[in-house]
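I had a new chain open on the screen today and kept a notebook while looking through it. Here are the entries, in the order that made sense to me.

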Amino acid sequence: MSDMFVNETALIAVIKARLKAAGELAWQRHPLPWTHPGFKSCPVAAARLLDACPGAGAALVMRDACLRHVRELVLIRGLTLAVPCRYGDSVYSIPASAVAGGRPLRLDPLPEGSVPYQGTVDLVVVACLAFSASERRLYTF
């Protein structure tokens, strides 16, 4: 294993410093878990991800709570959003109206107007987890 992950305290300090540099203060004010989807930096990360893939016309985004901002931004930018159903045996296209008026996107139940999707996908977004040397979950990004 890399020496970078040996010192868990140092790794946590680096993550906190990067969050603070991004303007993220939620972890200082509340005992939120690292994976809390309410972090201010989540929308920034979503925008950076989509900016890095400007040609994406259809995105398949997993159901993980931390990816809510990515799903919403895909719809706001007028791209096709495909999301697996709760059981993972089919994929649905989510209508842009699901975020009309600034409403947060809910997937349970699927928004009205969602239809089975069988088209092509240009971008697939899954949650990645960072772990410490002791296999403790630190952060979802």
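What follows are my notes on confidence, fold, core, salt bridges and surface.

**Entry 1: confidence.** I started with the reminder that this is a predicted model. I looked up the pLDDT and found an average of 78 for the protein chain, with 68% of the residues scoring at least 70. Residues 1–5 have a pLDDT below 50, and in the model this stretch has 5 contacts beyond near neighbours in sequence.

**Entry 2: overall layout.** I counted elements next: the protein chain has 4 helices and 7 strands. Reading from the N terminus, I noted the order α-α-α-β-α-β-β-β-β-β-β. Of the 141 residues, 33% count as buried. I also checked the contacts with a separation of 6 or more, and 43% of them join residues 24 or more positions apart. The accessible surface comes to about 8500 Å², and carbon and sulfur atoms hold 58% of that.

**Entry 3: the core.** Which residues touch the most other members of the largest nonpolar core? I found Val61, Val70, Leu75, Leu81, Ile94 and Leu105, out of 20 residues in that core. Two or more residues come from each of helix H3 (41–51), strand S1 (58–61), helix H4 (68–76), strand S2 (80–84) and S5. H4 gives the most, with 4 residues. My background note here: in soluble globular proteins, nonpolar side chains tend to be buried together.

**Entry 4: Leu75.** Is Leu75 buried or exposed? Leu75 counts as buried because its relative accessibility is 6%, and the cut-off for buried is under 20%. Setting aside residues up to four places away in sequence, I listed its contacts as Leu81, Ile94, Pro95, Ala96, Ala98, Val99 and Leu105. I also took one distance: Leu75 and Ala59 are 16 residues apart in sequence, with their C-alpha atoms 9.7 Å apart.

**Entry 5: salt bridges.** How many salt bridges does a search of the whole structure find? I got 3. As a general point, side chains of opposite charge can pair when their charged atoms come close.

- Arg77 pairs with Asp51 at 2.9 Å, N to O. Arg77 sits in the loop between H4 and S2 and Asp51 in helix H3, so this pair ties together parts that are 26 residues apart in sequence. Arg77 is partly exposed, at 38% relative accessibility.
- Glu72 pairs with Arg68, with 3.0 Å between the closest N and O atoms. Both are in helix H4, 4 residues apart, so about one helical turn separates them. Glu72 is buried at 12%, while Arg68 is partly exposed at 24%. Beyond its neighbours within four places in sequence, Glu72 is in contact with Val99, Arg103, Pro104 and Leu105.
- Asp108 pairs with Arg86, the closest N and O atoms being 2.8 Å apart. Asp108 is in the loop between S3 and S4 and Arg86 in the loop between S2 and S3, so the pair ties together parts 22 residues apart in sequence. Arg86 counts as exposed, at 52% relative accessibility.

**Entry 6: a cis peptide.** I stayed with Asp108 and checked omega: the peptide bond from Asp108 to Pro109 is cis, with omega near 0°. Most peptide bonds are trans. Pro109 is in the loop between strand S3 (91–94) and strand S4 (115–116).

Entry 7: Val124 lies in strand S5 (residues 123–125), and at 51% relative accessibility Val124 counts as exposed.

How values were computed:
Residues numbered from 1 in each chain as written. Predicted model: local features only at pLDDT ≥ 70, side-chain atom pairs only at ≥ 80, totals over all residues. Heavy atoms only, no water. Buried < 20%, exposed > 50% of the residue type's maximum accessible area, 1.4 Å probe, protein only. pLDDT = per-residue confidence, 0-100. Contact = heavy atoms within 4.5 Å. Core = buried A, V, L, I, M, F, W, Y, C linked by side-chain atoms within 4.5 Å. Areas by Shrake-Rupley, 256 points an atom, 1.4 Å probe, with all protein chains shown as cover. Salt bridge = Lys/Arg side-chain N within 4 Å of Asp/Glu carboxyl O.
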